[in-house]
Amino acid sequence: GDQVMKLTGHQGECYGVGFSPDGRQIVSTSQDCTLRLFDVATGEQIRTMFGHDNSVVGVQFHPDGKTIASSSWDTTIKIWDATTGILSKSLESHTDRVFACSYSPHGGHIASAGKDKVLKIWNSTTGEEVTTLPQESEGIDLLKQMVFPEGHQGGVFGCAYSRDGTKLASASADKTVKVWPVPSGEAEASRTCMGVYDY
């Protein structure tokens, strides 16, 4: 169909975009290290959110529309007040670029995917890390019993919760998509699919 509107303002390449739950706003992310919030009805920019130190890639509104989560090459996930644009929390534990973030269906958790080959799950209210996938305990890999002895072998570019919030899917440069039970940390090997593109 025809283009409805064009939203401008970023000073670099745009990497991520998401609608608010009520469909009235759009948030975008960019190489310019910012998030920008737009009014869908008018196309006008509402505000710019500053706080990341490198390109901002992933973005998603909380299911209740009150907060926004963003992921960045600066290795952090940040949580913003959607009404004021004020940065409320910075989630820091990844050791390399964070490519994606996803709220759980009820908004209690945020999953993040990084170049460091892991996924992390965070409490979206407190900002505390809940777990890392794959999970290790006292140096013993809990995935040893599985068909795939380790987690992803390449950076993890995407993550998404199932509608009921019981599973988390991840997509990686290692050409696999994996499905993880939440929050056990063991990959469901029977549902691991080979990809068709080599990044």
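This note goes through the strands, cores, salt bridges and aromatic pairs of the structure above.

1. Basis. This is a predicted model, in which local features need pLDDT of at least 70, side-chain atom pairs count only at pLDDT 80 or more, and totals for chains, interfaces and linings use all residues. Residues are numbered from 1 along each chain as its sequence is written, and side-chain values use heavy atoms, with hydrogens and water left out.

2. The open sheet. Four strands form an open sheet in the order β1-β2-β3-β4, with antiparallel pairing. Strands here are DSSP runs (E, at least two residues), numbered from the N terminus. Two strands pair if DSSP finds at least two bridges between them. The edges are β1 (14-19) and β4 (45-50), each pairing on one side only. On average, neighbouring strands of this sheet are turned by 20° against each other, direction ignored. That angle is taken between axes, which are lines fitted to C-alpha atoms; with N-to-C directions, angles run from 0 to 180 degrees.

3. Strand β1 and its partner. Strands β1 and β2 (residues 25-30) run antiparallel and are joined by 5 bridges. Gly16 stands opposite Thr29 in β2.

4. The β7-β8 hairpin. Strand β7 (residues 76-81) runs antiparallel to β8 (residues 87-92), again with 5 bridges. Thr76 faces Glu92 in β8 as its opposite residue. There are 5 residues between the strands, and Gly85 takes a positive phi near 80° in this hairpin.

5. The largest nonpolar core. It has 11 residues, including Ala100, Leu119, Ile121, Leu133, Tyr161 and Trp180. A nonpolar core is a set of buried Ala, Val, Leu, Ile, Met, Phe, Trp, Tyr and Cys residues joined through side-chain atoms within 4.5 Å. Buried means under 20% relative accessible area, exposed over 50%, and partly exposed in between (1.4 Å probe, protein chains only). Strands β10 (109-114), β11 (119-123) and β15 (156-161) each give two or more residues to this core. The largest share, 3 residues, comes from β15. Another core lies apart from it, with 10 residues, among them Leu35, Met49, Val59 and Ile68.

6. Ile121 in detail. Which residues does Ile121 contact, leaving aside its neighbours within four places in sequence? Its partners include Ala111, Glu129, Val130, Leu133, Tyr161, Leu168 and Val182. Contact means heavy atoms within 4.5 Å.

7. Salt bridges. The count comes to 2. The rule asks for a side-chain nitrogen of Lys or Arg within 4 Å of a carboxyl oxygen of Asp or Glu. Asp32 and Arg36 meet at 3.6 Å, N to O, and both are buried. Lys120 bridges to Glu129, with the closest N and O atoms 3.3 Å apart. Lys120 is buried at 7% relative accessible area, whereas Glu129 is partly exposed at 34%.

8. Aromatic pairs. The whole structure holds 2. Rings of Phe, Tyr and Trp (its six-membered ring) pair if their centres lie within 6.5 Å; planes under 30 degrees apart count as stacked, over 60 as edge-to-face and the rest as tilted. Tyr15 and Trp73 are stacked, at 6.1 Å centre to centre and 20° between the planes. Tyr15 lies in β1 and Trp73 in the loop between β6 (67-72) and β7, so the pair ties together parts 58 residues apart in sequence. Phe99 and Phe157 are edge-to-face, at 4.8 Å centre to centre and 65° between the planes. This pair links β9 (residues 98-103) to β15, with the two residues 58 apart. Phe99 counts as buried at 13% relative accessibility, while Phe157 is partly exposed at 38%.
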